[in-house]
Amino acid sequence: MKKDAWIAALVFLLDRGSKLLWHRIPEAGVTLIPGVLGLARARNTGMAFSLFSGAPWLLVVLSLGILAGAFFYLRGKQLSGLSRVGLMMMLGGALGNLADRLFLGYVPDMIEVLFVRFAVFNLADVGLVIGCGLLMIALLWKEKE
């Protein structure tokens, strides 16, 4: 998995870069594609969909525990390419949000889908969701073989 670590680093760096611009988003938000996509500033003190809001240190401990558990479980396992890519995307996203919880006490979210009522999210969340989807596809594909 070491050779795929660049994927985690890329997700992490893209997330960090986008969050540097978070403070420049106007309070009222910005529409990028009318009716489709916009930017809005939101502080998430919880996890997905603001679950466990107000307990950032609990989430830090939980995140570190999950990362450590996954590392020790997956260490030395032979994984397919798709599984490795999915896991690295999830790792990059998890580390991006973990860094925010550690240093800010909240996670800056800024991507807003305008055509449906949905949570505001960030690029780390995108990496987590796409990575999870790739991992699920890899696991389902393996079961069919």
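The second largest pocket of this predicted model has a volume of about 200 Å³. Twelve residues, written 12 in the count, line this pocket. Nearest its centre lie Ser80, Ser83, Ala138, Leu139 and Lys142. Two elements, α3 and α4, each give two or more residues to this lining. The biggest share comes from α4, with five residues. Sorted by class, the lining holds seven nonpolar, three polar and two charged residues.

Now turn to the largest pocket. Its space comes to about 1400 Å³. There are 44 residues in its lining, and the closest to its centre are Leu67, Met90, Leu91, Ala94 and Leu128. Several elements give two or more residues here: the strands β2 (37-44) and β3 (107-113), and the helices α2 (56-74), α3 (81-103) and α4 (123-144). By class, this lining counts 28 nonpolar residues, alongside eight polar and eight charged ones.

Follow α3 next. This helix contributes to the lining of the largest pocket, and to that of the second largest pocket as well. How far apart are the end C-alpha atoms of α3? They are 33 Å apart.

Just after α3 comes Gly105. This glycine takes a positive phi, of about 85 degrees.

Definitions and conventions: Residues numbered from 1 in each chain as written. Predicted model: local features only at pLDDT ≥ 70, side-chain atom pairs only at ≥ 80, totals over all residues. Heavy atoms only, no water. 1 Å grid on protein atoms, 1.4 Å probe; cavity = no way out; pocket = protein on both sides within 12 Å on 5 of 7 lines; lining within 4 Å. Points joined across faces, edges and corners; volume = space filled by probe spheres on them. Helix = DSSP H or I, 4+ residues; strand = E, 2+ residues; numbered from the N terminus. Nonpolar A, V, L, I, M, F, W, Y, C, P; charged D, E, K, R; others polar. Expected span 1.5 Å × (residues − 1).
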